[in-house]
Every structure is written in C-alpha cells, then in structure tokens.
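Hi,

Here is the structure I said I'd pass on.

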Amino acid sequence: MGSINRSFSKLGKKVSQKTQAFAHRTSDKHIRLAVTGLSGAGKTAFITGLVNQLLNAGLIGKSNNLPLWQVTREERLYGVKRDLQPDLTVASFDYEQAMASLKQTPSQWPASTRSISELRLAIRYQPQKGLLAKLTDSATLYLDIIDYPGEWLLDLPMLKQSFSQWSMSQTRREHIFKKSDCYGPFNEAVSQLDLFGEADAAQLKQIASLYQQLLLDCVNGHGFYYAQPGRLLLPGELVDTPVLALFPLLGLSAKTVTQLDAGASNTAYQVLKTRYKQYQSKVIMPFYREYFAKFDRQLLLVDCFTPLNSGKDQFDDMTQALNGIMESFKFGQSNILKRLFSPRIDKLLFAASKVDHITRDQQGNVLSLLTQLVKQSQKQAKFEGCEVEVMAISAIKATKHAMVRSGSAEVEVVHGVDLSQQKTVTVFPGEVPKMLPQASFWDTQGFEFTHFAPPQVTASTQGADFEHIRLDHLLQYLLGDKLN
C-alpha cells in the first residue's frame with residue numbers, strides 16, 4: 001500500500017510540475033532559451049558567465065553590472081535565483097563545477113559541451129506595464145537555458161538525403177579528409193569491405209571507429225567544422241550503439257548504387273543503408289521534435305577568430321557549417337521541416353564570441369564580418385516572422401586593453417595570460433576583415449589569434465565575479481520584452 005501511495009505521490013508531483021510549467025507559459029512567464037554553437041565557440045563559458053552575472057544582479061548592495069538591461073537600469077530587478085528545472089530526464093547544467101574550474105589556481109575554462117543540459121533561473125522583478133503592473137508589485141519570469149552541441153544541428157541536411165546521396169555529399173569532402181593521417185587507414189578498410197557480401201557487425205564497427213577517428217582529427221587536429229554524423233563527434237548516450245556504427249561510402253558511381261540497392265537485405269551495403277535510416281528516424285528526428293520544437297528563443301555563438309587563424313579552407317568550412325546549422329531556422333523550407341519545426345522561435349541571435357581577444361577598434365569589424373556570414377539566413381528567418389539580431393560579445397572578459405607606443409604612434413593591444421604557455425603576454429592580434437575574405441586576404445593577412453586563459457577570480461563582496469562585454473545588451477534583446 002505504501003509503495004502505491006508513493007507512486008501516486010510521484011505522479012502527482014510530476015503532473016503538478018507540468019501544470020505549473022503550462023501555467024507559466026500561458027501567462028507569458030516562461031522562456032526557453034537555447035544556446036548552441038560549433039566546437040570552440042565557448043558555449044559552457046558563456047552560460048557560466050551569463051548565469052554568474054544574473055545571480056549577482058539586483059537592487060540591494062549590488063553594483064549595476066548590467067546597465068543596458070532595462071530592468072536593472074530602472075531598478076526594477078529584485079533578484080535572480082536558481083530554481084528546479086522542469087525536465088527531469090535532461091542533465092542539469094553543472095554551473096558549480098564550471099565555476100570551480102574558473103576559480104582554481106591556475107584558472108581553467110570549464111569543460112566543453114558534450115550533450116544536452118538545462119538550467120532554470122527565476123527572475124523576480126517589478127512589472128511596469130499592463131494588467132500585471134496593476135495587480136502586483138512583483139512578478140517572476142522563469143528562464144530555462146538549454147545547452148546543446150551545435151554539431152548535432154549539422155545532421156539536419158541528412159534528413160533530406162538517402163544513404164547514397166549522403167555518401168556522395170561526403171565524397172565531395174574527400175579533399176578535406178585527405179589532410180588527415182587517419183584517412184589512409186579508413187580508406188584502406190573500406191576498400192576491403194565486400195558491399196555485396198553478408199554484413200559482419202565487427203568489421204562495420206571497426207570501420208566506423210576509423211571514420212570517427214578521421215572526423216575527430218579533421219575537427220580537433222586540423223580545425224575543420226562540418227562533420228557528419230554529428231553524434232560521432234559527441235555520441236552522448238549513444239556511445240557504442242550499432243546506430244553509430246555508420247560511415248559513408250566514398251566514390252560510389254550511380255551504376256554501382258543501383259546494383260547495391262538490388263542486393264539482399266543482409267549485405268554490408270543494405271545494413272549500412274538501414275542504419276542510416278535508423279539514424280534519421282531514431283536520432284535526428286527525436287532531437288528536433290522533443291527539444292528544438294520547444295525552444296522559444298535561440299542564441300548561436302560563433303568563434304570567428306580561430307578559422308581566420310587556421311586558413312581559407314577552415315574558414316570556408318566554418319561558413320558551410322553555419323549554413324548547415326541555419327537550415328534549422330528555415331521553418332517553411334519543406335513539409336518535413338514544417339512538421340519538425342513549429343515556428344515558435346520568435347527571436348534568433350547570432351553572437352560573435354570572445355571579442356575580448358581582439359582590440360576594441362576591431363570589434364566593429366567582427367560584427368560586420370558575422371553579419372555578412374549570416375546575411376542570407378537572417379533574411380530567411382525575418383521572412384518567416386522571426387526577429388534576428390547580430391552582436392559581438394564576451395561573457396567572461398579574460399583580457400585587458402591597453403595602448404603601447406610603436407615608433408611615433410600609439411597602438412592598441414590586448415593584455416592577458418596565454419592559455420598554452422600560462423604566461424602573461426601583450427599582443428596585437430591584427431585586423432579582422434570587415435567583409436568575407438577574398439583570396440588576397442589569405443596571402444597577406446597578419447591575424448594571429450591568441451587563446452587566453454580565464455581571468456583569476458578574486459574574492460568579491462559585491463557584483464559578479466567577471467567583467468563582460470555587452471551581456472546587458474544581449475539580455476535586453478532576448479528578455480527585455482518579457483520584463484516590462
């Protein structure tokens with residue numbers, strides 16, 4: 001009897017949480033903000049810095065560290081606190097561990113995003129407009145921040161491709177694969193695979209592992225971005241599952257595909273084809289249905305500097321990857337996307353991250369560059385009724401800006417701790433191109449991006465632990481209309 005009562009108690013709590021969530025949404029007191037970006041964009045650091053600023057924002061005994069956020073400028077923010085997240089099957093964003101990394105000596109950036117996670121904040125404020133302002137002196141906006149890997153979004157184009165079409169699209173990337181030492185072993189293993197013969201699960205798993213190593217080396221070792229399937233980079237809960245024992249067949253002719261399609265269901269080719277379909281239906285589609293369709297607002301972080309450092313091929317690959325991700329926001333593109341993407345996202349923000357790593361006079365340039373990168377997507381999203389903005393930000397300012405004399409002129413520089421050498425450096429990173437780089441840029445560019453260590457956190461009795469660049473502007477755009 002006691003177990004039955006406990007079961008009903010758990011059920012009641014679950015229903016109560018869902019009822020409360022529904023009530024918050026219908027009264028416009030709940031926003032689900034999704035944060036993503038490609039590898040190295042700084043998603044975990046961004047969320048940590050943003051949460052730290054919010055938890056330390058308010059009226060009593062606090063300096064206004066967010067002056068451009070209207071609710072703080074008008075002294076209507078009572079405070080922000082952590083609250084229980086509504087999705088009990090989603091991992092919690094580990095804010096405490098991230099802060100521990102930043103506060104240790106020497107300080108370290110928190111670990112990168114590996115899977116989807118969530119954190120809820122309760123923002124208590126004084127309403128100033130509408131019926132709510134007449135009925136109460138205080139109200140609460142519940143903000144759910146969902147962190148997920150941008151690599152998962154790169155799988156979206158696979159929904160519109162058959163296995164053979166996807167293999168052909170990967171064949172067009174073979175020139176990139178060949179830059180990696182991992183390409184040879186993968187190519188050799190595939191050449192020994194009898195596509196017409198009966199599938200050997202162990203052999204397919206071994207080749208898939210070689211392909212995974214190839215993708216990881218292209219991304220982590222050579223600075224490329226567009227890797228499919230994205231879950232091979234970040235498997236999450238799917239690690240070692242047969243659905244990820246998947247790889248493309250490079251160089252297949254149309255004639256060979258026709259012959260392979262006519263083969264028995266147990267051939268290596270047909271098994272790979274089945275796994276591809278399962279990956280579409282069991283991995284890609286559920287992510288968009290269960291998570292993406294429930295987002296209200298989307299922030300996409302973009303690191304423009306690392307690909308500028310790496311070279312033309314890497315920059316072009318990042319552009320292609322961004323275009324692939326942007327397909328996620330084109331609600332009216334096709335019937336399947338209409339079913340997957342209910343057009344709920346009403347605000348989309350592209351943010352160039354880590355702008356503290358360049359001189360202040362170059363921040364306008366990176367904003368212009370990012371605007372050019374997302375121009376077409378911005379037009380499409382606006383056409384579909386989604387408000388779009390582009391910003392240049394830094395959630396945790398790791399550097400100081402200074403002026404040094406060079407000959408008869410003063411030059412602006414960046415001062416901070418080099419991450420790899422753990423020593424203080426003063427650098428002039430160079431000029432960021434205002435427009436998409438032309439061929440001549442790569443011959444003459446002198447841009448040298450330095451990876452800086454996070455600032456050393458000192459004990460503070462007032463305000464946030466970090467300085468930031470334009471987080472208040474970002475908060476006003478994403479949340480300002482809900483806090484009037």
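Salt bridges first: there are 18 of them, counting a side-chain nitrogen of Lys or Arg within 4 Å of a carboxyl oxygen of Asp or Glu. Bear in mind that this is a predicted model, where local features need pLDDT of at least 70 and side-chain atom pairs count only at pLDDT 80 or more, while totals for chains, interfaces and linings use all residues. Residues are numbered from 1 along each chain as its sequence is written, and side-chain values use heavy atoms, with hydrogens and water left out.

One of the salt bridges joins Glu118 and Arg32, with 3.2 Å between the closest N and O atoms. Glu118 sits in strand β4 (residues 117-125) and Arg32 in strand β1 (residues 30-37), so this pair ties together parts that are 86 residues apart in sequence. (Helices, H or I with at least four residues, and strands, E with at least two, are DSSP runs numbered from the N terminus.) Both Glu118 and Arg32 are buried; that term means under 20% relative accessible area, with exposed being over 50% and partly exposed in between, using a 1.4 Å probe and protein chains only. The two also belong to a salt-bridge network together with Asp87, Arg120 and Asp144.

Next, Arg82 pairs with Glu96, the closest N and O atoms being 3.0 Å apart. Arg82 is partly exposed, at 32% relative accessible area.

Then there is Asp481 with Arg297, at 2.9 Å between the closest N and O atoms. Here the partners are 184 residues apart: Asp481 is in the segment after α20 (471-479), and Arg297 is in strand β6 (residues 297-302). Asp481 is partly exposed at 37% relative accessibility, whereas Arg297 is buried at 2%.

Two loop residues are also worth a look. Pro455 is in the loop between α19 (439-444) and α20. Its C-alpha is 7.0 Å from that of Ser107, 348 residues away along the chain. Leaving out residues up to four places away in sequence, Pro455 touches Ser107 itself, and its other contacts include Leu102, Ile396 and Phe466 (contact means heavy atoms within 4.5 Å).

Ser353 is in the loop between β7 (347-352) and α17 (363-373), and is buried at 5% relative accessibility. Its side chain reaches the backbone oxygen of Ala41 at 2.8 Å. Beyond four places in sequence, Ser353 touches residues including Ala41, Leu301, Asp303 and Ile393.

Cheers

How values were computed
Polar contact = N/O pair within 3.5 Å; in protein donor to acceptor, adjacent residues only side chain to side chain.
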